Amino acid sequence: MALAAVVLVVRAVGVAVEALAEVWPVLLLLVVSAGAAVAWRIRRAVAGRRRDRARLAALRLTLAEVDAMDDRDFEYALRDLLVRDGWPARRVGGGGDQAADVIGDHAVRGRIVVQAKHTRVAGKVGSSVMYAVKGTAGPAHGADHAVVVTNGSFTRDAMAWGDRHGVHWVDRQRLRRWAEDGRALHELLGLPARPRGARFRRAA
């Protein structure tokens with residue numbers, strides 16, 4: 001009985017080996033094809049990321065282009081400018097954004113919160129926006145830097161209050177230097193290199 005079982009096992013193995021010998025070229029072809037497909041997708045993804053980085057590195061936006069944007073496009077444009085400058089950033093604007101439209105995190109400079117105010121060229125941003133950003137930058141978003149950006153201008157009181165309380169502002173002229181001339185935002189505003197956990201979180 002045991003011998004018969006052994007014979008059956010041996011025959012089964014033999015049949016399996018014969019079957020494998022017949023189909024192994026097909027299996028090999030499938031494996032090679034699948035590997036080639038995966039490698040092609042990886043190469044395409046890497047090439048796409050390189051193109052995106054190259055596009056962002058060369059990103060320049062004229063004030064005329066900025067003025068033609070709507071609020072949402074303006075927020076995405078600020079995100080892309082931050083990414084260009086080395087701040088991995090994401091758009092978070094929308095209902096309940098707590099005075100943050102874009103948030104970026106830099107390995108050296110920490111976290112930046114940007115409030116975008118797209119307006120008419122002659123429009124002015126007042127002090128109340130500065131108060132709101134100062135009040136939420138640390139407690140709600142853990143920011144090291146807070147910036148309000150507009151394609152218009154700021155009232156004199158808003159600029160003075162921001163300067164006193166560490167809320168940076170980018171008006172039309174500064175926006176031109178950032179978006180059109182290609183100056184990095186942290187250089188334009190003099191944002192220091194420092195570890196996370198700074199002015200806003202201590203002040204909160």
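This briefing covers the nonpolar cores and the salt bridges of the structure above. The model is predicted. Its largest nonpolar core has 26 residues, and the count of salt bridges comes to eight.

**Nonpolar cores**

- Within the largest core, the residues that touch the most other members are Leu78, Leu82, Val149, Leu175 and Trp178.
- Two or more residues of this core come from each of helix H2 (63-67), helix H3 (71-84), strand E3 (110-117), strand E5 (145-150), helix H6 (172-180) and helix H7 (185-189).
- Helix H3 contributes the most, with five residues.
- Leaving aside residues up to four places away in sequence, Leu82 is in contact with Trp87, Ala89, Val102, Ile112, Val114, Trp178 and Leu185.
- Another core, of 17 residues, lies apart from this one and includes Ala100, Val113, Val148 and Val167.

**Salt bridges between elements**

- Arg172 pairs with Asp67, with 2.7 Å between the closest N and O atoms.
- This pair joins helix H6, which holds Arg172, to helix H2, which holds Asp67, across 105 residues.
- Arg172 is buried at 16% relative accessible area, while Asp67 is partly exposed at 25%.
- Glu75 and Arg91 form a salt bridge with an N to O distance of 2.7 Å.
- Glu75 is in helix H3 and Arg91 in strand E1 (residues 89-91), so this bridge ties together parts 16 residues apart in sequence.
- Glu75 is buried, at 10% relative accessibility, and Arg91 is partly exposed, at 22%.

**Salt-bridge network**

- Arg90, Asp105 and Arg111 are linked in a network of salt bridges.
- Within it, Arg111 and Asp105 meet at 2.8 Å, N to O.
- Arg111 is buried, with 18% relative accessibility, whereas Asp105 is partly exposed, with 22%.

How values were computed: Residues are numbered from 1 along each chain as its sequence is written. This is a predicted model: local features need pLDDT of at least 70, side-chain atom pairs count only at pLDDT 80 or more; totals for chains, interfaces and linings use all residues. Side-chain values use heavy atoms; hydrogens and water are left out. A nonpolar core is a set of buried Ala, Val, Leu, Ile, Met, Phe, Trp, Tyr and Cys residues joined through side-chain atoms within 4.5 Å. Buried means under 20% relative accessible area, exposed over 50%, partly exposed in between (1.4 Å probe, protein chains only). Helices (H or I, at least four residues) and strands (E, at least two) are DSSP runs, numbered from the N terminus. Contact means heavy atoms within 4.5 Å. A salt bridge is a side-chain nitrogen of Lys or Arg within 4 Å of a carboxyl oxygen of Asp or Glu.
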